[in-house]
Amino acid sequence: MPPSAPLPPAGDLLAWYDRHRRTLPWRAGPRDPYRIWLSEVMLQQTTVAAVAPRWLRFLARFPTVEALAAAPWEDVTEEWAGLGYYARARNLHACARAVVARGGFPDTVEELRALPGIGAYTAAAVASIAFGRPVVPLDGNVERVTARVMAVEEPLPGARPRLAALAQGWMEQAAARARPADFTQALFDLGATLCVPRNPACAICPWQAGCEGRRTGLAPTLPRKAPKAARPLKRGVHFLLSDAEGRLLLRRRPPNGLLGGMLGIPGTPWREEGWSMEEAMAHAPLATANWRPLPGEAKHGFTHFELRMTLLAATLPPGARVEGDWLAPAAAALALPGAMLRLLALAEAAGAVASATA
């Protein structure tokens, strides 16, 4: 945007928001920092449609930050299952305990950032929405709106510091500073409903007159992104052991690393080099069981790599004992993270276990 061009009026965006704001469960009632923080953590890498019912369910089980802090980790991980990015659950639990230890949520960006697992975006979002601090959190929606309004052609992620500074500049307007929580959420809603990634609805945008991206015709192409490097492929072998009652052996994964602390189907580590059967069997929960390979492979995508898993199945021999958690398939389906559910689906397709939804 040319230096002399005025900023789009914050008041126009707020007037639009007052008429068209999205109805979201965490916007109902008082601006409780616990509820707002929980929604922001859940919304990272997860859609609003998927989060809304899970947020309500999580709150029903852990209605306050004190209840979450006091809960055993196993209860938290059980409630988080299926939401993905499980480091968020570990950080959520640790942060709740830190908040209770200090007597409540701090109300500044700097103090919020000092809590476990709270980064720049979440700190700014909670500070703005819960405490009315005049800061603009930079999520994907705000990045897109800012890049288009200001016609920033520098590609992401390199453009992120500039976009953050430009977005914060809107808060210098009196209308935005008078209603910082609403202004922040108005930016979120503008990006989510009108200034969408493809085919933005510029004709009905409250900021169309001041949008440099629209004036120059660049808006649909922004923000630009640097080419992504190809993700490496990793492989693993897992072992599905059933007992005479049809229950499945699950074991809790190590506390650190991917899916840390979650229940999982026992198996090898994940690595780029494939596994020979001899190597894989060293990780079997019971090497003497009659293991048989199941057809196909389970595929799952993580942020930094693609995962391919093969599955072997066996029945617990009479008299044998194996340590772990034995769950019926339906209970396992509720407790397992997404990557492990791919293995469960593979077993169901092969007829190795009863349907988890039966």
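**Backbone exceptions in a predicted model**

Me: In this predicted model, is asparagine 199 buried or exposed?

Reply: The relative accessibility of asparagine 199 is 72%, and the cut-off that matters here is a relative accessible area over 50%. Because 72% lies over that cut-off, asparagine 199 counts as exposed.

Me: Where is asparagine 199 placed, and what is the value of its phi?

Reply: Asparagine 199 belongs to the loop between helix H12 (180–193) and H13. Most residues other than glycine have a negative phi. Asparagine 199, although not a glycine, has a positive phi, with a value near 50 degrees.

Me: What is the omega of the peptide bond from leucine 156 to proline 157?

Reply: Proline 157 is found in the loop between helix H9 (140–149) and helix H10 (160–169). Most peptide bonds are trans. The bond from leucine 156 to proline 157, however, is cis, and its omega is near 5 degrees.

Me: Which residue is joined to proline 223 by a cis peptide bond?

Reply: Proline 223 lies in the loop that separates helix H13 (212–216) from strand E1 (233–242). The cis bond has an omega of about -5 degrees, and the residue it joins to proline 223 is leucine 222.

Terms used: Residues numbered from 1 in each chain as written. Predicted model: local features only at pLDDT ≥ 70, side-chain atom pairs only at ≥ 80, totals over all residues. Heavy atoms only, no water. Helix = DSSP H or I, 4+ residues; strand = E, 2+ residues; numbered from the N terminus. Buried < 20%, exposed > 50% of the residue type's maximum accessible area, 1.4 Å probe, protein only.
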